Amino acid sequence: MAPFVARGNHIAIGSEDSVLCIDTTTGIFKYASIPPLSESDANNAKPKQQTENAKPKQQTENAEPETISQKTNSEDYSHLNLGTCLALSSCSSFLAVCTSDKNLTVWNLSTMEVMKQWKTARKVSSIKFDSGSTQLFVADKAGDCFCYSLSTPTDQGKLILGHLSMLLDVVVSDDNKFIITSERDEKIRVSCLPNAYNIHCYCLGHTEFVTSLAFIRQNLLLSGSGDGTLKVWDYLNSKLLHTENLKEPSDEEMDKAVRSVVVHRVSESMCITAVLLDRVKTIFLFKINGEEPTFQRQTIHFLAQPLETAFTEEGSLYVLTDSVTNPIEFLGKDESFQYTLGESAVIGTLLANANHLKIIQDAVHSCNGDLKPLFKRWFDNVQVYREKKLEQMKTQPSNPDVISSPKRLRVE
């Protein structure tokens with residue numbers, strides 16, 4: 001659910017019909033319209049009815065699906081604004097965008113030429129490249145995760161794993177040995193690659209949906225949740241190392257749900273993390289140090305609502321907000337990694353262009369959603385039944401003859 005991402009010195013912004021890529025070092029802007037899906041691409045998302053020999057396809061219980069299934073879970077998330085999802089490859093050579101109409105497109109950033117398009121089976125909640133930039137992993141709202149190959153771009157997506165609940169984020173380890181997925185039902189699953197049906201372990205401890213995942217080190221995972229906490233995991237051993245609570249005692253149950261977590265790795269032992277909370281006009285910045293993680297907090301307040309954040313390679317922080325006139329803010333850092341609001345010539349040039357500003361405003365619209373629909377609602381039907389039953393008993397007239405008459409036993 002991120003139409004605003006960064007990798008290296010590049011920042012990418014996406015709307016429903018166009019993308020904009022910015023080189024923050026040179027100030028070069030690259031623009032591309034998202035082409036509509038061709039009829040062949042749209043049809044390729046549908047399951048094949050027959051094989052090449054025109055024989056009906058036979059499926060067994062353990063057979064691995066060859067095409068994307070169109071079946072969905074019974075849960076309906078149509079009311080949740082998933083928006084446009086973006087991903088930049090680790091080599092900063094490829095840009096992937098998936099819109100709300102299930103149009104998945106990959107560009108070559110050097111030429112801004114479309115490499116391949118696919119139509120996903122369902123609306124997408126998160127997309128990520130692997131560390132080798134050869135595969136694209138796509139998580140959707142029905143709980144399935146698909147793998148798309150860039151080395152053989154004619155291939156369709158391959159279903160590699162599935163959850164029983166809506167997937168909210170997906171990340172891939174640096175060594176490409178594990179894929180980690182988070183879901184609405186509070187769980188974080190660590191699966192093996194390439195055979196993701198082999199589950200390595202679960203990281204359990206959150207009490208609400210897990211919205212965001214990020215690596216702070218090769219073996220440490222950071223997660224943000226609707227319960228208002230950040231947790232650090234030794235994900236290979238399913239061990240919880242630290243919990244950072246962002247809630248105050250006076251907060252309501254649905255207050256301060258973590259919207260996104262973005263990490264900038266400074267060294268092997270230190271990283272900077274930017275955390276956004278739902279409907280809170282504040283960014284929480286944490287300096288995380290050591291093998292036993294310690295958190296140093298800095299808070300920065302905004303007049304507008306921050307929606308997404310992105311770190312560049314040198315550690316500068318860019319923030320997408322819902323401001324109409326100034327939707328992107330720039331935060332610079334000092335030697336001690338204390339961040340302050342500043343001005344960027346690149347952002348100033350970007351916002352001065354009416355066409356570019358329109359793309360940014362469309363991106364803001366696509367991600368300006370509320371996380372409240374992700375909270376589960378509990379109903380106590382038994383208590384309501386008891387109250388109605390007591391009212392009926394009070395209104396019904398009592399029969400003293402029936403109540404006082406003793407039972408008679410027949411003796412033969």
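There are zero disulfides here, a disulfide being a pair of cysteine sulfur atoms within 2.5 Å. Keep in mind that this is a predicted model, where local features need pLDDT of at least 70 and side-chain atom pairs count only at pLDDT 80 or more, while totals for chains, interfaces and linings use all residues. Residues are numbered from 1 along each chain as its sequence is written, and side-chain values use heavy atoms, with hydrogens and water left out.

**Cysteines**
- Cys98 has its closest cysteine sulfur in Cys85, but at 6.4 Å that is too far for a bond.
- Cys98 counts as buried because its relative accessibility is 1%; buried means under 20% relative accessible area, exposed over 50%, and partly exposed in between (1.4 Å probe, protein chains only).
- Cys271, at 2% relative accessibility, counts as buried too.

**The chain overall**
- The protein chain holds five helices and 28 strands; these are DSSP runs numbered from the N terminus, with helices being H or I of at least four residues and strands E of at least two.
- Of the 412 residues in the protein chain, 50% are buried.
- Take the contacts between residues at least 6 apart in sequence: 48% of them join residues at least 24 apart, with contact meaning heavy atoms within 4.5 Å.

**Sheet 1-2-3-4**
- Four strands in the order 1-2-3-4 make an open sheet with antiparallel pairing; two strands pair if DSSP finds at least two bridges between them.
- Strand 1 (4–7) and strand 4 (29–33) sit at the edges with a single partner strand each, so one side of each has no neighbour in the sheet.
- On average, neighbouring strands of this sheet are turned by 15 degrees against each other, direction ignored (axes are lines fitted to C-alpha atoms, for helices over the stretch in contact, and angles run from 0 to 180 degrees between N-to-C directions).
- Strand 3 (residues 18–23) runs antiparallel to strand 4 and is joined to it by five bridges; Cys21 has Lys30 of strand 4 as its bridge partner.
- Helix 3 (residues 354–367) lies across strand 2 (10–14), strand 3 and strand 4, at about 70 degrees to strand 2.

**Sheet 13-14-15-16**
- Another open sheet of four strands, again with antiparallel pairing, has the order 13-14-15-16.
- Its edge strands, strand 13 (167–172) and strand 16 (199–203), each pair on one side only.
- Neighbouring strands here are turned by 20 degrees against each other on average, direction ignored.
- Strand 14 (residues 178–183) and strand 15 (residues 188–192) run antiparallel and are joined by five bridges, with Ile179 opposite Ser191 in strand 15.
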